[in-house]
Amino acid sequence: MSKLLFDGPEWTFELLSKAHDAIEEIAIEDLGLDVYPNQIEIISSEQMLDAYSAVGMPLMYQHWSYGKRFARDEALYRTGRQGLAYEIVINSNPCISYNMEENTMAMQTLVMAHAAFGHNHFFKNNYLFQQWTDAAGIHDYLAFAKNFVANCEERYGVDAVEEILDAAHALQSQGVFRYGRPPRPSKEELQAMQRQREGYESQQSVLELWADNMGTRNDPSAAEDGELSARRGKMNLPQENILYFLEKHSPVLKSWQRELLRIVRYIAQYMYPQKQTKVMNEGCATFTHYYIINRLLEKGLISEGSYMEMMHSHTNVVLQPEYDDPRYGGLNPYALGFAMMQDIRRICEDPTDEDREWFPDIAGNPDWKSVMRDAWANYRDESFILQFLSPRLMRKFKLFMLSDDAKQPNLVVSNIHNRQGYRNIRSALAQSYDLAYLEPDIQVDDADLSGDRELKLTHAVRNGINLDPENRDEVLKHIRRLWGYEVSLTARDSESGARISHATTAA
């Protein structure tokens, strides 16, 4: 009698359940994964496009930009210029995976292994997601945000809400805490927030309770440093999270407008770990599905035809186009992540002398699965590459390093495949995944609420890369809308402190 889980392309819910159980047995008992309970939903291409437009979230408030994104993706999809993902998975408890109804049964099996177990395990165990996201509460919060925005639109008008959301969206990348968590609200502050959300009444008195208390409000040294230091200390300046600062200190925003900023800020922070773990997250999920489908074949649970269909998709996912290929768009995170996971297993199972020199802690470790789970739990892309990218993989990917000095007429190959070159290439590649270097370092420097109320921002310019003037000026207009008074931005060299440029919203 055949042991096959399925023998044709058509899927049914009974077959999905059967395949899920077989995958779960391998994922939990063999690989030792630790996952949230799974909730797998089958959706149409229309629903997938809808999820695309709302940054992949199951519930999202209304905004014109989501409709615009939907129209663009739908047009590309309908004309065959862009395909759709086989799945979308949500960092939540239970973990929700959306599978496309157009998938064959083999593809449904593949994407369940990939999303419902690979991504799921990563979400639940990686330290960034554990520290910065609330998987159990995200659905309730999104439902609250959707209802709150809809109620505001009804009460204050669509245009008024849209104006605030447009400005907040323009500042999303500057609305996250990168280096430390904000203070948890006290019991009184939580009660104040709840009262505001329920009634939006007595807002000013309620908001006074929200004063920032990140450790400087009662700092006795602030008074000793003079008026400027006291003012800056009271507002916890400099402040990297511009949306947070505006939410707390804007002289003109009403209570419901501050709540809109808080919603955008909260969702931006929720998504921030995903931006820091693209290589690791996709590498974990791809390695997991690759391991599981091979085990399913070894156990005789899938046919060779189904296996070949899965491997065809797997190969497309991990394809790394050459630099002169029209499809080239930099390093494919699936390709690099999967290759690094496979390489870690190789270093554990079959290390070379070079591996023993570079990775003495894991080379020859017979328990490669625990090494892998430890890596998935305790690193982000930048630190993961810095720790685990091997010389062998650098040779395989043909990585080398170019120096692009604007003062020199030609590019210079500065590091090749030698002992020091490997270290420099690895460090440079790791830094290219560090968001602290990729995103502009802009901080609120000062704001005199009892004086001219000008909001002063400082941009620490790294490597001579300043902001595009046109985009900078447009974003400053949004900040002025939220602040209510003039806003200035001074760009200074991050090393010398020399002033590079100055822009202001003053006429």
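1. Glu74 is partly exposed, with a relative accessible area of 24%, where partly exposed lies between buried (under 20% relative accessible area) and exposed (over 50%), for a 1.4 Å probe and protein chains only. Its side chain and that of Arg78 meet in a salt bridge at 3.9 Å, N to O, a salt bridge being a side-chain nitrogen of Lys or Arg within 4 Å of a carboxyl oxygen of Asp or Glu. Both residues lie in helix α3, four residues apart, about one turn of the helix.

2. The model is predicted, with local features needing pLDDT of at least 70 and side-chain atom pairs counting only at pLDDT 80 or more, while totals for chains, interfaces and linings use all residues. Residues are numbered from 1 along each chain as its sequence is written, and side-chain values use heavy atoms, without hydrogens and water.

3. Arg78, partly exposed at 48% relative accessible area, also meets Glu46 in a salt bridge of 3.2 Å, N to O. This pair links distant parts of the chain, since Glu46 belongs to helix α2 and Arg78 to helix α3, 32 residues apart; Glu46 is itself partly exposed, at 39%.

4. Among the 28 salt bridges of the structure is one between Arg346 and Asp355, at 2.7 Å, N to O. Here Arg346 counts as buried at 15% relative accessibility, and Asp355 counts as buried at 1%. Elsewhere, salt bridges that share partners join Asp30, Arg295, Glu298 and Lys369 into one network.

How values were computed. Helices (H or I, at least four residues) and strands (E, at least two) are DSSP runs, numbered from the N terminus.
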